[in-house]
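Here are some exercises to work through with the sequence and the 3D view side by side. Try each task on your own before you read its solution.

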Amino acid sequence: MDADDVDATNRGSKRIAIIGAGPGGLCMGKRLLDVGFDNFVILERGAGVGGTWNFNRYPGCECDIPSALYSFSFAVKPDWSKPYGTQPEILAYMEDIAERFGLLKHCRFGAAVTSAVWDESAAEWTLTLADGSHVTANIVVSAIGMFNGLAWPSIDGLDAFSGTMFHSGHWNWDHDLAGRRVAVIGSAASAVQFVPEIVQVAGQVHLFQRTANWVMPKPDTAFTEDELRAFRADPSPVLAFRAEVESNINKGMTFAFPEVNAEREAIGRAAIDVVEDPQTRRKLLPDHPFGCKRPLTSNVYYPAFNRPNLELVTEPIERITSDSVITADGAERTVDTIIVATGYTASRYLSALDVVGRDGVHITDAWHDGAEAHLGITTAGFPNLFMLYGPNTNNGSILTMIEYQVEHVLSHLRRMDDDGIRWVDVKADAMRAYNDEIQEAIAAVVVWQAGCNGYYRSPSGRIVTQWPHSMTEFQRRTAVIDPTAYEVG
Ligand SMILES: Cc1cc2nc3c(=O)[nH]c(=O)nc-3n(C[C@H](O)[C@H](O)[C@H](O)COP(=O)(O)OP(=O)(O)OC[C@H]3O[C@@H](n4cnc5c(N)ncnc54)[C@H](O)[C@@H]3O)c2cc1C
(Lines give C-alpha, C1' and ligand atoms only; values in the text may rest on other atoms or scores of the structure.)
Protein backbone atom coordinates (compact mmCIF):
# COMPACT_ATOMS: atom_id res chain seq x y z
CA MET A 1 0.00 0.00 0.00
CA ASP A 2 1.33 3.47 -0.94
CA ALA A 3 0.82 6.76 0.83
CA ASP A 4 -1.51 7.84 -1.98
CA ASP A 5 -3.90 5.09 -0.98
CA VAL A 6 -4.88 7.44 1.80
CA ASP A 7 -7.68 9.56 0.38
CA ALA A 8 -9.08 12.58 2.18
CA THR A 9 -12.51 12.41 0.49
CA ASN A 10 -15.30 12.02 3.00
CA ARG A 11 -17.29 9.04 1.89
CA GLY A 12 -19.39 8.76 5.01
CA SER A 13 -22.81 8.36 3.43
CA LYS A 14 -22.85 4.57 3.38
CA ARG A 15 -23.35 2.80 6.71
CA ILE A 16 -21.02 -0.15 6.99
CA ALA A 17 -21.14 -2.97 9.52
CA ILE A 18 -18.09 -5.16 9.94
CA ILE A 19 -18.69 -8.43 11.79
CA GLY A 20 -15.63 -9.46 13.80
CA ALA A 21 -12.71 -7.54 15.32
CA GLY A 22 -10.01 -10.04 14.46
CA PRO A 23 -7.19 -9.19 12.06
CA GLY A 24 -9.68 -9.01 9.15
CA GLY A 25 -12.09 -6.60 10.84
CA LEU A 26 -9.25 -4.41 12.08
CA CYS A 27 -7.58 -4.26 8.68
CA MET A 28 -10.89 -3.37 7.04
CA GLY A 29 -11.56 -0.63 9.57
CA LYS A 30 -8.11 0.87 9.24
CA ARG A 31 -8.31 1.02 5.46
CA LEU A 32 -11.88 2.38 5.50
CA LEU A 33 -10.66 5.28 7.60
CA ASP A 34 -7.71 5.82 5.23
CA VAL A 35 -9.99 6.30 2.26
CA GLY A 36 -12.68 8.38 3.95
CA PHE A 37 -15.37 5.87 4.95
CA ASP A 38 -15.79 6.62 8.61
CA ASN A 39 -19.43 5.62 9.06
CA PHE A 40 -18.83 2.08 10.27
CA VAL A 41 -19.20 -0.14 13.28
CA ILE A 42 -17.24 -3.28 14.11
CA LEU A 43 -19.50 -5.80 15.86
CA GLU A 44 -17.49 -8.28 17.90
CA ARG A 45 -19.01 -11.05 19.97
CA GLY A 46 -15.95 -11.28 22.23
CA ALA A 47 -14.72 -8.83 24.82
CA GLY A 48 -11.77 -7.48 22.84
CA VAL A 49 -9.99 -7.33 19.52
CA GLY A 50 -7.59 -9.90 18.06
CA GLY A 51 -9.90 -12.73 16.96
CA THR A 52 -7.98 -16.01 16.82
CA TRP A 53 -5.22 -14.50 18.95
CA ASN A 54 -7.64 -13.36 21.60
CA PHE A 55 -9.52 -16.65 21.90
CA ASN A 56 -6.66 -19.12 21.54
CA ARG A 57 -4.59 -18.72 24.67
CA TYR A 58 -3.29 -22.23 25.12
CA PRO A 59 0.30 -22.62 26.31
CA GLY A 60 2.80 -22.52 23.46
CA CYS A 61 0.33 -20.88 21.03
CA GLU A 62 2.27 -19.09 18.34
CA CYS A 63 2.44 -18.26 14.66
CA ASP A 64 3.46 -21.05 12.33
CA ILE A 65 4.78 -18.74 9.66
CA PRO A 66 7.49 -16.17 10.38
CA SER A 67 5.99 -13.08 11.99
CA ALA A 68 7.97 -10.79 9.71
CA LEU A 69 5.19 -11.59 7.23
CA TYR A 70 2.45 -12.16 9.78
CA SER A 71 2.00 -8.43 10.29
CA PHE A 72 0.23 -5.85 8.15
CA SER A 73 2.11 -4.01 5.39
CA PHE A 74 1.01 -0.72 6.97
CA ALA A 75 2.37 -1.68 10.38
CA VAL A 76 5.36 -3.97 9.98
CA LYS A 77 6.62 -4.77 13.47
CA PRO A 78 10.41 -4.77 13.52
CA ASP A 79 10.91 -6.29 16.95
CA TRP A 80 9.15 -9.63 17.35
CA SER A 81 10.99 -11.30 20.22
CA LYS A 82 11.72 -14.31 18.02
CA PRO A 83 11.12 -15.21 14.37
CA TYR A 84 7.80 -16.95 15.10
CA GLY A 85 5.82 -14.57 17.34
CA THR A 86 3.93 -15.92 20.32
CA GLN A 87 0.19 -15.51 20.93
CA PRO A 88 0.63 -12.83 23.64
CA GLU A 89 2.84 -10.84 21.29
CA ILE A 90 0.47 -11.20 18.33
CA LEU A 91 -2.49 -10.23 20.51
CA ALA A 92 -0.59 -7.18 21.81
CA TYR A 93 0.21 -6.28 18.19
CA MET A 94 -3.48 -6.47 17.22
CA GLU A 95 -4.50 -4.42 20.27
CA ASP A 96 -1.93 -1.83 19.29
CA ILE A 97 -3.32 -1.69 15.72
CA ALA A 98 -6.81 -1.07 17.14
CA GLU A 99 -5.56 1.68 19.43
CA ARG A 100 -3.06 3.32 17.09
CA PHE A 101 -5.43 3.59 14.12
CA GLY A 102 -8.45 4.85 16.07
CA LEU A 103 -10.52 1.68 15.66
CA LEU A 104 -11.64 1.11 19.25
CA LYS A 105 -14.28 3.81 19.11
CA HIS A 106 -15.84 1.92 16.17
CA CYS A 107 -15.91 -1.42 18.05
CA ARG A 108 -18.92 -2.80 19.91
CA PHE A 109 -17.88 -5.73 22.06
CA GLY A 110 -20.23 -8.42 23.31
CA ALA A 111 -22.15 -7.95 20.05
CA ALA A 112 -22.73 -11.40 18.57
CA VAL A 113 -24.51 -11.21 15.23
CA THR A 114 -26.99 -14.05 14.83
CA SER A 115 -28.69 -13.13 11.57
CA ALA A 116 -28.50 -10.79 8.61
CA VAL A 117 -31.47 -10.08 6.36
CA TRP A 118 -31.31 -8.11 3.09
CA ASP A 119 -34.04 -5.61 2.30
CA GLU A 120 -34.09 -5.09 -1.45
CA SER A 121 -36.17 -1.90 -1.50
CA ALA A 122 -34.15 -0.11 1.16
CA ALA A 123 -30.89 -1.64 -0.16
CA GLU A 124 -29.79 -2.39 3.36
CA TRP A 125 -29.05 -5.24 5.71
CA THR A 126 -30.64 -5.70 9.09
CA LEU A 127 -28.37 -7.51 11.50
CA THR A 128 -29.84 -9.07 14.61
CA LEU A 129 -27.64 -9.47 17.65
CA ALA A 130 -27.86 -12.15 20.32
CA ASP A 131 -29.41 -9.65 22.74
CA GLY A 132 -32.28 -9.10 20.28
CA SER A 133 -31.18 -5.62 19.18
CA HIS A 134 -30.75 -4.67 15.52
CA VAL A 135 -28.18 -2.82 13.46
CA THR A 136 -28.93 -1.68 9.91
CA ALA A 137 -26.23 -1.11 7.34
CA ASN A 138 -25.95 -0.57 3.59
CA ILE A 139 -22.83 -2.67 3.46
CA VAL A 140 -21.84 -5.70 5.52
CA VAL A 141 -18.27 -6.93 5.68
CA SER A 142 -18.03 -10.33 7.31
CA ALA A 143 -14.72 -10.84 9.07
CA ILE A 144 -15.83 -13.77 11.23
CA GLY A 145 -12.75 -15.85 10.41
CA MET A 146 -12.51 -19.51 9.59
CA PHE A 147 -11.70 -20.98 12.99
CA ASN A 148 -14.42 -19.72 15.27
CA GLY A 149 -16.64 -22.71 15.89
CA LEU A 150 -14.96 -25.31 18.09
CA ALA A 151 -15.16 -28.87 16.71
CA TRP A 152 -15.88 -31.50 19.36
CA PRO A 153 -15.31 -35.17 18.70
CA SER A 154 -18.21 -37.54 18.76
CA ILE A 155 -17.06 -40.16 21.27
CA ASP A 156 -19.27 -42.37 23.37
CA GLY A 157 -19.33 -41.21 26.96
CA LEU A 158 -17.59 -37.87 26.44
CA ASP A 159 -20.40 -36.11 28.31
CA ALA A 160 -20.18 -38.56 31.19
CA PHE A 161 -16.59 -37.64 32.04
CA SER A 162 -16.56 -36.33 35.60
CA GLY A 163 -13.10 -34.79 35.63
CA THR A 164 -12.15 -31.48 34.07
CA MET A 165 -12.59 -31.23 30.33
CA PHE A 166 -12.03 -28.28 28.02
CA HIS A 167 -11.25 -27.48 24.39
CA SER A 168 -7.79 -26.14 23.61
CA GLY A 169 -9.42 -23.23 21.77
CA HIS A 170 -10.95 -22.20 25.08
CA TRP A 171 -8.17 -23.02 27.52
CA ASN A 172 -9.11 -23.39 31.17
CA TRP A 173 -6.33 -21.51 32.92
CA ASP A 174 -8.07 -21.97 36.28
CA HIS A 175 -7.32 -25.68 36.09
CA ASP A 176 -3.79 -26.31 37.37
CA LEU A 177 -2.27 -29.19 35.40
CA ALA A 178 0.52 -29.80 37.92
CA GLY A 179 0.74 -33.54 38.59
CA ARG A 180 -2.45 -34.30 36.63
CA ARG A 181 -3.20 -37.35 34.50
CA VAL A 182 -4.20 -35.80 31.21
CA ALA A 183 -5.70 -37.17 28.02
CA VAL A 184 -5.18 -35.01 24.95
CA ILE A 185 -7.54 -35.90 22.11
CA GLY A 186 -6.13 -34.78 18.77
CA SER A 187 -2.59 -34.21 17.62
CA ALA A 188 -2.78 -31.43 15.06
CA ALA A 189 -1.81 -27.74 15.03
CA SER A 190 -2.81 -26.81 18.60
CA ALA A 191 -1.67 -30.05 20.29
CA VAL A 192 1.72 -29.85 18.58
CA GLN A 193 2.15 -26.47 20.27
CA PHE A 194 0.75 -27.12 23.75
CA VAL A 195 1.75 -30.74 24.43
CA PRO A 196 5.47 -29.89 24.84
CA GLU A 197 4.42 -27.21 27.35
CA ILE A 198 2.02 -29.24 29.48
CA VAL A 199 4.31 -32.28 29.77
CA GLN A 200 6.61 -30.06 31.79
CA VAL A 201 4.05 -29.82 34.61
CA ALA A 202 1.55 -32.66 34.20
CA GLY A 203 2.09 -36.00 35.92
CA GLN A 204 1.24 -38.09 32.85
CA VAL A 205 -0.02 -37.10 29.40
CA HIS A 206 -1.63 -39.58 27.00
CA LEU A 207 -1.80 -38.10 23.51
CA PHE A 208 -4.47 -39.76 21.38
CA GLN A 209 -3.50 -39.39 17.75
CA ARG A 210 -5.70 -40.26 14.78
CA THR A 211 -3.44 -38.87 12.06
CA ALA A 212 0.24 -38.02 12.33
CA ASN A 213 1.21 -34.64 10.88
CA TRP A 214 4.36 -33.41 9.23
CA VAL A 215 6.01 -31.26 11.89
CA MET A 216 8.86 -29.24 10.50
CA PRO A 217 11.80 -27.74 12.37
CA LYS A 218 12.11 -23.96 12.23
CA PRO A 219 14.86 -21.40 12.81
CA ASP A 220 13.40 -19.74 15.89
CA THR A 221 16.20 -18.52 18.15
CA ALA A 222 15.08 -15.52 20.19
CA PHE A 223 16.60 -12.23 19.09
CA THR A 224 19.00 -10.56 21.50
CA GLU A 225 18.30 -7.12 22.94
CA ASP A 226 21.06 -5.72 20.73
CA GLU A 227 19.46 -7.21 17.62
CA LEU A 228 16.03 -5.86 18.56
CA ARG A 229 17.49 -2.39 19.14
CA ALA A 230 19.16 -2.54 15.74
CA PHE A 231 15.91 -3.64 14.02
CA ARG A 232 14.02 -0.77 15.63
CA ALA A 233 16.64 1.73 14.49
CA ASP A 234 16.81 0.31 10.98
CA PRO A 235 14.09 -2.21 10.03
CA SER A 236 15.59 -2.93 6.61
CA PRO A 237 16.82 -6.47 7.56
CA VAL A 238 13.30 -7.26 8.79
CA LEU A 239 11.78 -5.95 5.56
CA ALA A 240 14.25 -7.99 3.52
CA PHE A 241 13.36 -11.10 5.56
CA ARG A 242 9.66 -10.33 5.08
CA ALA A 243 10.15 -10.23 1.31
CA GLU A 244 12.13 -13.47 1.43
CA VAL A 245 9.44 -15.26 3.48
CA GLU A 246 6.77 -14.04 1.08
CA SER A 247 8.71 -15.24 -1.92
CA ASN A 248 9.37 -18.65 -0.34
CA ILE A 249 5.73 -19.09 0.63
CA ASN A 250 4.65 -18.10 -2.87
CA LYS A 251 6.91 -20.79 -4.30
CA GLY A 252 5.94 -23.59 -1.92
CA MET A 253 2.29 -23.02 -0.99
CA THR A 254 0.73 -24.81 -3.94
CA PHE A 255 2.77 -27.95 -3.27
CA ALA A 256 3.01 -28.19 -7.04
CA PHE A 257 6.70 -29.08 -7.25
CA PRO A 258 7.28 -32.75 -6.41
CA GLU A 259 11.00 -32.21 -5.86
CA VAL A 260 10.34 -29.42 -3.31
CA ASN A 261 7.71 -31.58 -1.56
CA ALA A 262 10.15 -34.50 -1.47
CA GLU A 263 12.90 -32.32 -0.04
CA ARG A 264 10.62 -30.96 2.68
CA GLU A 265 9.22 -34.40 3.42
CA ALA A 266 12.79 -35.64 3.95
CA ILE A 267 13.41 -32.80 6.42
CA GLY A 268 10.20 -33.71 8.27
CA ARG A 269 11.18 -37.38 8.32
CA ALA A 270 14.64 -36.58 9.67
CA ALA A 271 13.15 -34.44 12.45
CA ILE A 272 11.41 -37.54 13.87
CA ASP A 273 14.78 -39.23 14.34
CA VAL A 274 15.23 -37.36 17.60
CA VAL A 275 12.57 -39.62 19.14
CA GLU A 276 14.37 -42.46 20.91
CA ASP A 277 11.66 -45.12 21.01
CA PRO A 278 11.41 -46.84 17.59
CA GLN A 279 7.73 -47.67 18.00
CA THR A 280 6.82 -44.07 18.82
CA ARG A 281 8.96 -42.90 15.89
CA ARG A 282 7.03 -45.16 13.58
CA LYS A 283 3.68 -43.93 14.89
CA LEU A 284 4.74 -40.31 14.40
CA LEU A 285 5.56 -40.83 10.74
CA PRO A 286 2.68 -39.48 8.65
CA ASP A 287 1.14 -41.85 6.13
CA HIS A 288 0.02 -39.03 3.85
CA PRO A 289 2.24 -37.08 1.49
CA PHE A 290 3.79 -33.80 2.58
CA GLY A 291 1.36 -30.96 1.82
CA CYS A 292 -1.86 -32.98 1.96
CA LYS A 293 -2.58 -31.11 5.20
CA ARG A 294 -1.08 -27.79 6.25
CA PRO A 295 2.42 -28.73 7.50
CA LEU A 296 3.07 -27.76 11.12
CA THR A 297 6.22 -26.37 12.68
CA SER A 298 7.86 -27.03 16.04
CA ASN A 299 11.32 -27.66 17.44
CA VAL A 300 10.01 -29.02 20.72
CA TYR A 301 7.24 -31.44 19.74
CA TYR A 302 9.29 -34.51 18.82
CA PRO A 303 11.80 -34.17 21.70
CA ALA A 304 8.84 -34.16 24.12
CA PHE A 305 8.28 -37.86 23.31
CA ASN A 306 11.56 -38.71 25.04
CA ARG A 307 10.01 -37.74 28.35
CA PRO A 308 8.73 -40.65 30.43
CA ASN A 309 5.43 -38.88 31.10
CA LEU A 310 4.25 -38.55 27.48
CA GLU A 311 2.61 -41.52 25.82
CA LEU A 312 1.51 -41.54 22.18
CA VAL A 313 -1.62 -43.64 21.68
CA THR A 314 -2.74 -44.50 18.17
CA GLU A 315 -5.39 -47.08 19.00
CA PRO A 316 -8.77 -45.46 18.28
CA ILE A 317 -10.74 -44.28 21.31
CA GLU A 318 -13.73 -46.51 21.85
CA ARG A 319 -15.39 -44.72 24.73
CA ILE A 320 -14.88 -42.47 27.68
CA THR A 321 -16.01 -43.27 31.20
CA SER A 322 -16.36 -40.95 34.17
CA ASP A 323 -12.62 -41.20 34.84
CA SER A 324 -10.90 -42.95 31.96
CA VAL A 325 -10.36 -43.34 28.24
CA ILE A 326 -10.84 -46.80 26.76
CA THR A 327 -9.33 -47.64 23.41
CA ALA A 328 -10.41 -50.23 20.84
CA ASP A 329 -7.83 -52.75 22.14
CA GLY A 330 -9.57 -52.67 25.53
CA ALA A 331 -6.83 -50.69 27.30
CA GLU A 332 -8.11 -48.27 29.91
CA ARG A 333 -6.19 -45.15 30.93
CA THR A 334 -7.38 -43.39 34.05
CA VAL A 335 -7.29 -39.62 33.71
CA ASP A 336 -8.56 -36.61 35.64
CA THR A 337 -8.35 -34.11 32.79
CA ILE A 338 -9.30 -34.25 29.12
CA ILE A 339 -8.09 -31.61 26.71
CA VAL A 340 -9.95 -31.73 23.44
CA ALA A 341 -7.74 -30.56 20.58
CA THR A 342 -9.86 -31.51 17.61
CA GLY A 343 -9.84 -28.09 15.99
CA TYR A 344 -12.59 -26.03 14.51
CA THR A 345 -15.61 -26.24 12.24
CA ALA A 346 -13.70 -24.53 9.48
CA SER A 347 -15.79 -24.96 6.37
CA ARG A 348 -19.03 -23.25 7.41
CA TYR A 349 -18.07 -19.65 6.77
CA LEU A 350 -21.03 -17.28 6.82
CA SER A 351 -23.51 -20.12 7.03
CA ALA A 352 -22.63 -20.11 10.75
CA LEU A 353 -25.10 -17.19 10.86
CA ASP A 354 -28.62 -17.06 9.46
CA VAL A 355 -28.03 -14.91 6.39
CA VAL A 356 -30.99 -14.19 4.13
CA GLY A 357 -30.34 -12.57 0.76
CA ARG A 358 -32.40 -11.64 -2.29
CA ASP A 359 -35.81 -13.28 -2.67
CA GLY A 360 -35.59 -14.57 0.88
CA VAL A 361 -32.92 -17.16 0.04
CA HIS A 362 -31.01 -18.47 3.05
CA ILE A 363 -27.28 -18.83 2.62
CA THR A 364 -27.47 -22.44 3.81
CA ASP A 365 -29.69 -23.18 0.79
CA ALA A 366 -27.56 -21.15 -1.62
CA TRP A 367 -24.55 -23.08 -0.32
CA HIS A 368 -26.18 -26.53 -0.17
CA ASP A 369 -23.09 -27.96 -1.85
CA GLY A 370 -20.69 -26.01 0.38
CA ALA A 371 -19.56 -22.40 0.75
CA GLU A 372 -18.86 -20.65 -2.51
CA ALA A 373 -17.86 -17.15 -3.53
CA HIS A 374 -16.31 -15.11 -6.29
CA LEU A 375 -12.68 -14.42 -5.36
CA GLY A 376 -13.69 -15.65 -1.92
CA ILE A 377 -15.31 -12.25 -1.32
CA THR A 378 -18.79 -11.94 -2.85
CA THR A 379 -21.48 -14.58 -3.24
CA ALA A 380 -24.37 -14.43 -5.73
CA GLY A 381 -27.76 -13.39 -4.36
CA PHE A 382 -26.32 -11.57 -1.34
CA PRO A 383 -25.77 -7.96 -2.44
CA ASN A 384 -23.49 -5.55 -0.60
CA LEU A 385 -22.11 -8.43 1.43
CA PHE A 386 -18.34 -8.87 1.37
CA MET A 387 -16.42 -11.64 3.06
CA LEU A 388 -12.86 -11.57 4.32
CA TYR A 389 -11.00 -14.88 4.68
CA GLY A 390 -14.00 -16.36 2.87
CA PRO A 391 -14.30 -19.58 0.84
CA ASN A 392 -11.14 -20.79 -0.93
CA THR A 393 -8.83 -18.09 0.39
CA ASN A 394 -6.95 -20.17 2.96
CA ASN A 395 -3.27 -20.51 2.17
CA GLY A 396 -0.02 -18.66 2.78
CA SER A 397 0.02 -15.76 5.23
CA ILE A 398 -3.60 -15.07 6.00
CA LEU A 399 -2.85 -11.46 6.92
CA THR A 400 -1.40 -10.86 3.46
CA MET A 401 -4.40 -12.53 1.83
CA ILE A 402 -6.75 -10.43 3.98
CA GLU A 403 -5.02 -7.23 2.90
CA TYR A 404 -5.65 -8.08 -0.76
CA GLN A 405 -9.31 -8.84 0.02
CA VAL A 406 -9.71 -5.55 1.89
CA GLU A 407 -8.32 -3.61 -1.09
CA HIS A 408 -10.81 -5.40 -3.34
CA VAL A 409 -13.71 -4.45 -1.06
CA LEU A 410 -12.50 -0.84 -1.06
CA SER A 411 -12.52 -0.83 -4.88
CA HIS A 412 -16.19 -1.87 -4.81
CA LEU A 413 -17.05 0.76 -2.21
CA ARG A 414 -15.27 3.53 -4.10
CA ARG A 415 -17.00 2.54 -7.32
CA MET A 416 -20.39 2.49 -5.59
CA ASP A 417 -19.72 5.87 -4.05
CA ASP A 418 -18.39 7.47 -7.25
CA ASP A 419 -21.12 6.09 -9.52
CA GLY A 420 -24.09 6.35 -7.16
CA ILE A 421 -24.55 2.57 -7.08
CA ARG A 422 -26.86 1.41 -4.26
CA TRP A 423 -26.13 -2.27 -4.42
CA VAL A 424 -23.76 -4.67 -6.11
CA ASP A 425 -24.26 -8.42 -6.48
CA VAL A 426 -21.90 -10.84 -8.19
CA LYS A 427 -23.59 -12.65 -11.09
CA ALA A 428 -24.20 -16.36 -10.54
CA ASP A 429 -22.58 -17.35 -13.83
CA ALA A 430 -19.44 -15.30 -13.10
CA MET A 431 -19.17 -16.94 -9.69
CA ARG A 432 -19.73 -20.38 -11.19
CA ALA A 433 -17.11 -19.90 -13.89
CA TYR A 434 -14.63 -18.71 -11.28
CA ASN A 435 -15.30 -21.66 -9.01
CA ASP A 436 -15.13 -24.20 -11.82
CA GLU A 437 -11.67 -22.92 -12.58
CA ILE A 438 -10.64 -22.90 -8.91
CA GLN A 439 -11.87 -26.46 -8.42
CA GLU A 440 -9.94 -27.53 -11.50
CA ALA A 441 -6.79 -25.95 -10.05
CA ILE A 442 -7.49 -27.67 -6.71
CA ALA A 443 -7.87 -31.01 -8.48
CA ALA A 444 -4.44 -30.45 -10.00
CA VAL A 445 -2.81 -30.16 -6.56
CA VAL A 446 -2.00 -33.85 -6.38
CA VAL A 447 -1.20 -33.98 -2.66
CA TRP A 448 -4.57 -32.45 -1.70
CA GLN A 449 -6.29 -35.45 -3.25
CA ALA A 450 -4.70 -37.90 -0.79
CA GLY A 451 -7.82 -37.80 1.39
CA CYS A 452 -6.30 -36.63 4.66
CA ASN A 453 -7.57 -33.07 4.76
CA GLY A 454 -11.04 -33.25 6.29
CA TYR A 455 -11.29 -29.67 7.42
CA TYR A 456 -10.64 -28.36 3.91
CA ARG A 457 -13.86 -29.99 2.70
CA SER A 458 -17.57 -29.26 2.96
CA PRO A 459 -19.82 -32.24 3.79
CA SER A 460 -20.26 -32.70 0.03
CA GLY A 461 -16.53 -33.42 -0.24
CA ARG A 462 -15.67 -30.25 -2.18
CA ILE A 463 -12.55 -28.43 -0.98
CA VAL A 464 -14.00 -25.08 0.09
CA THR A 465 -11.17 -23.64 2.14
CA GLN A 466 -8.03 -23.71 0.03
CA TRP A 467 -6.62 -21.20 -2.42
CA PRO A 468 -4.73 -23.23 -5.03
CA HIS A 469 -2.35 -20.59 -6.41
CA SER A 470 0.26 -18.20 -4.98
CA MET A 471 -0.58 -15.15 -2.89
CA THR A 472 0.73 -12.98 -5.71
CA GLU A 473 -1.79 -14.57 -8.04
CA PHE A 474 -4.57 -13.79 -5.57
CA GLN A 475 -3.38 -10.18 -5.44
CA ARG A 476 -3.37 -9.98 -9.23
CA ARG A 477 -6.90 -11.32 -9.53
CA THR A 478 -8.38 -9.14 -6.81
CA ALA A 479 -6.60 -5.93 -7.88
CA VAL A 480 -9.22 -4.98 -10.45
CA ILE A 481 -12.98 -5.33 -10.57
CA ASP A 482 -14.46 -6.80 -13.70
CA PRO A 483 -17.68 -4.76 -13.96
CA THR A 484 -19.28 -7.37 -16.22
CA ALA A 485 -19.17 -9.88 -13.34
CA TYR A 486 -21.53 -7.84 -11.17
CA GLU A 487 -25.15 -6.78 -11.31
CA VAL A 488 -25.70 -3.34 -9.83
CA GLY A 489 -28.74 -1.30 -8.87
C1 LIG B 1 -4.40 -21.53 16.76
C2 LIG B 1 -4.35 -20.86 15.42
C3 LIG B 1 -3.12 -20.53 14.87
C4 LIG B 1 -3.06 -19.89 13.63
N5 LIG B 1 -1.84 -19.60 13.10
C6 LIG B 1 -1.76 -18.98 11.91
C7 LIG B 1 -0.50 -18.66 11.32
O8 LIG B 1 0.53 -18.96 11.87
N9 LIG B 1 -0.48 -18.05 10.12
C10 LIG B 1 -1.63 -17.71 9.48
O11 LIG B 1 -1.55 -17.14 8.38
N12 LIG B 1 -2.84 -17.98 10.02
C13 LIG B 1 -2.92 -18.61 11.19
N14 LIG B 1 -4.15 -18.92 11.71
C15 LIG B 1 -5.36 -18.51 11.01
C16 LIG B 1 -5.92 -17.22 11.67
O17 LIG B 1 -7.24 -17.48 12.04
C18 LIG B 1 -5.85 -16.07 10.69
O19 LIG B 1 -4.48 -15.82 10.40
C20 LIG B 1 -6.46 -14.75 11.21
O21 LIG B 1 -6.66 -14.73 12.57
C22 LIG B 1 -7.78 -14.52 10.51
O23 LIG B 1 -8.32 -13.29 10.92
P24 LIG B 1 -9.88 -13.05 10.86
O25 LIG B 1 -10.11 -11.68 11.40
O26 LIG B 1 -10.37 -13.35 9.51
O27 LIG B 1 -10.51 -14.15 11.79
P28 LIG B 1 -10.38 -14.38 13.34
O29 LIG B 1 -9.04 -14.09 13.83
O30 LIG B 1 -10.92 -15.74 13.58
O31 LIG B 1 -11.39 -13.30 13.98
C32 LIG B 1 -12.77 -13.38 13.75
C33 LIG B 1 -13.50 -12.56 14.79
O34 LIG B 1 -14.89 -12.53 14.45
C35 LIG B 1 -15.65 -12.67 15.64
N36 LIG B 1 -16.94 -13.25 15.31
C37 LIG B 1 -17.19 -14.47 14.76
N38 LIG B 1 -18.51 -14.67 14.61
C39 LIG B 1 -19.11 -13.54 15.05
C40 LIG B 1 -20.46 -13.14 15.16
N41 LIG B 1 -21.46 -13.93 14.76
N42 LIG B 1 -20.73 -11.91 15.66
C43 LIG B 1 -19.74 -11.08 16.06
N44 LIG B 1 -18.42 -11.43 16.00
C45 LIG B 1 -18.12 -12.63 15.50
C46 LIG B 1 -14.82 -13.63 16.49
O47 LIG B 1 -15.17 -13.52 17.84
C48 LIG B 1 -13.40 -13.13 16.19
O49 LIG B 1 -13.00 -12.15 17.08
C50 LIG B 1 -4.25 -19.58 12.93
C51 LIG B 1 -5.47 -19.95 13.48
C52 LIG B 1 -5.53 -20.59 14.71
C53 LIG B 1 -6.87 -20.98 15.25
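A salt bridge is a side-chain nitrogen of Lys or Arg within 4 Å of a carboxyl oxygen of Asp or Glu. Please note that this is a predicted model, where local features need pLDDT of at least 70 and side-chain atom pairs count only at pLDDT 80 or more, while totals for chains, interfaces and linings use all residues. Residues are numbered from 1 along each chain as its sequence is written, and side-chain values use heavy atoms, with hydrogens and water left out.

**Exercise 1. Salt bridges**

Find out how many salt bridges a search of the whole structure gives, and examine the pair of D336 and R181.

Step 1. The search of the whole structure gives 22 salt bridges.

Step 2. In the salt bridge between D336 and R181, the closest N and O atoms are 3.7 Å apart.

Step 3. Now place the two residues. D336 sits in the loop between β16 (332-334) and β17 (337-340), and R181 belongs to strand β9 (residues 181-185); the pair links distant parts of the chain, 155 residues apart. Strands here are DSSP runs (E, at least two residues), as helices are (H or I, at least four), numbered from the N terminus.

**Exercise 2. The four-stranded sheet**

Work out the strand order of the open sheet that contains β4, β5, β6 and β18. Two strands pair if DSSP finds at least two bridges between them.

Step 1. The order is β6-β5-β4-β18, and the pairing is mixed.

Step 2. Because β6 (134-137) and β18 (354-356) stand at the edges with a single partner strand each, one side of each has no neighbour in the sheet.

Step 3. On average, neighbouring strands of this sheet are turned by 15° against each other, direction ignored. Such angles come from axes, lines fitted to C-alpha atoms (for helices over the stretch in contact), and run from 0 to 180 degrees between N-to-C directions.

Step 4. Look at one pair: β4 (residues 113-119) and β18 are parallel, with three bridges. Here S115 has D354 of β18 as its bridge partner.

**Exercise 3. The ligand**

Which residues come nearest to the ligand?

Step 1. There are 34 residues around the ligand (a heavy atom within 4 Å). G24, E44, T52, D64 and Y70 come nearest.

Step 2. Sort the shell by class: 20 residues are nonpolar, ten polar and four charged. Ala, Val, Leu, Ile, Met, Phe, Trp, Tyr, Cys and Pro count as nonpolar, Asp, Glu, Lys and Arg as charged, and the others, Gly among them, as polar.

Step 3. α2 gives the most to this shell, with three residues.
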